[in-house]
Amino acid sequence: MNYQFLVGSYTDGPEEGISLLTFFPDQNSLSLQTIAEGIQNPSFVIEVGNQVFSVEEIEGIVGGNVLSFEWDDNRQSLQQLSTIPTNGNHPCHLSYHDGFLVVSNYSGGNFSIIEVQEDGILALRQIVQHSGNSVNSDRQESAHVHSANFSPDGKFLFVADLGTDKIYSYQFDPEKPEPASLFEEFPMNPGDGPRHLTFSPDGNEAFVVQELTAVLEVFSYNEGKIISKQRLPLTPEGFEGSVGAAEVRVSPDGKHVYASNRGDANTISVFANNADGSYSLVEHVPSGGIMPRNFNLSPDGDFLLVAHQASEDIVVFKRDQTTGKLTPTDLSIEAPKPVYLFSLSN
């Protein structure tokens, strides 16, 4: 038995690119191989069926790029099918639903909707530009779209903009020439800097990690609208130092929520879903490295793997499915600036 993850990274040369991480729990071993060389800063990479999609988080006249690939027969390497500019600098997030990719352009302050044709060829359908700013003059001087996620039914698109301190809800109709139309805007607390969003398995809640204030915010969700229920700090009381909340994940059974925090914290926070619907802190755990930008759970929920951008490694935790608690293992592997882990279904 093994688990496999696509690894997104920042690159320093043409020999680097998209990697494949294989974890053999019974053998207590990890292996890492490059499966697509020469891709510049593939910081976010996902799989859909036999196809893989990646950003190139770069800047240029037409912004960064989105690329499509297909696996070779042995699933040991990727063959590029198509590339298309994102029309915004530094694309940093991808989501997919029913033949459409949405790419978030951080520096561009916009997102692009791209249709995926049957042969993997990519075609631009729409660009949506945000504008505005917020209270943090260093980080929120303009719009910074950090992620866009489809609602569980695919009818809405939720866009987190760190720069404007808002979550935007767009109705999504694939039949229209421009599929996304603004439905509602949801202001966050000033200075929050919303980064990533995910939904509960039952689709009734949304979780937003607020990068700049290091808060996990819980929202109720219904028909394109979110209402804040709870704000949970990712730092212990009395903590002093810099923060940088990065990722939020929900366990497969929906009983626990996990969030990473960078800066001087370098932790993974664990929260439990209580019987009354509230969430409570289980623990803050040292992440085992420096700058835990991303992490993911194994499909069965038994393990949690953390990718550290600055210490350039991936480490493994054992997860207690009853309590949600994480126990460090001695298992880790060096990896060049890993910043995203996408769990493959095998």
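**Close-up 1. The hairpin of strands 10 and 11 in a predicted model.** Strand 10 and strand 11 form a hairpin with five residues between them, and Gly-120 in the turn has a positive phi of about 85°. Strands here are DSSP runs of E with at least two residues, numbered from the N terminus. Opposite Glu-115 stands Ala-123 in strand 11. Residues are numbered from 1 along each chain as its sequence is written. Local features need pLDDT of at least 70, side-chain atom pairs count only at pLDDT 80 or more, totals for chains, interfaces and linings use all residues, and side-chain values use heavy atoms, with hydrogens and water left out.

Close-up 2. Six bridges connect strand 8 with strand 9 (residues 100-105), where Phe-100 is the bridge partner of His-97.

**Close-up 3. The lining of the largest pocket.** A pocket is an open set of points on a 1 Å grid over the protein atoms alone, where a 1.4 Å probe fits, with protein on both sides within 12 Å along at least five of seven lines; lining residues have an atom within 4 Å of a point. Of the 32 lining residues, Asn-149, Thr-198, Arg-249, Tyr-340 and Phe-342 lie nearest the centre. Strand 8 gives the most to this lining, with five residues.

Notes: Pairing = 2+ DSSP bridges. Helix = DSSP H or I, 4+ residues; strand = E, 2+ residues; numbered from the N terminus.
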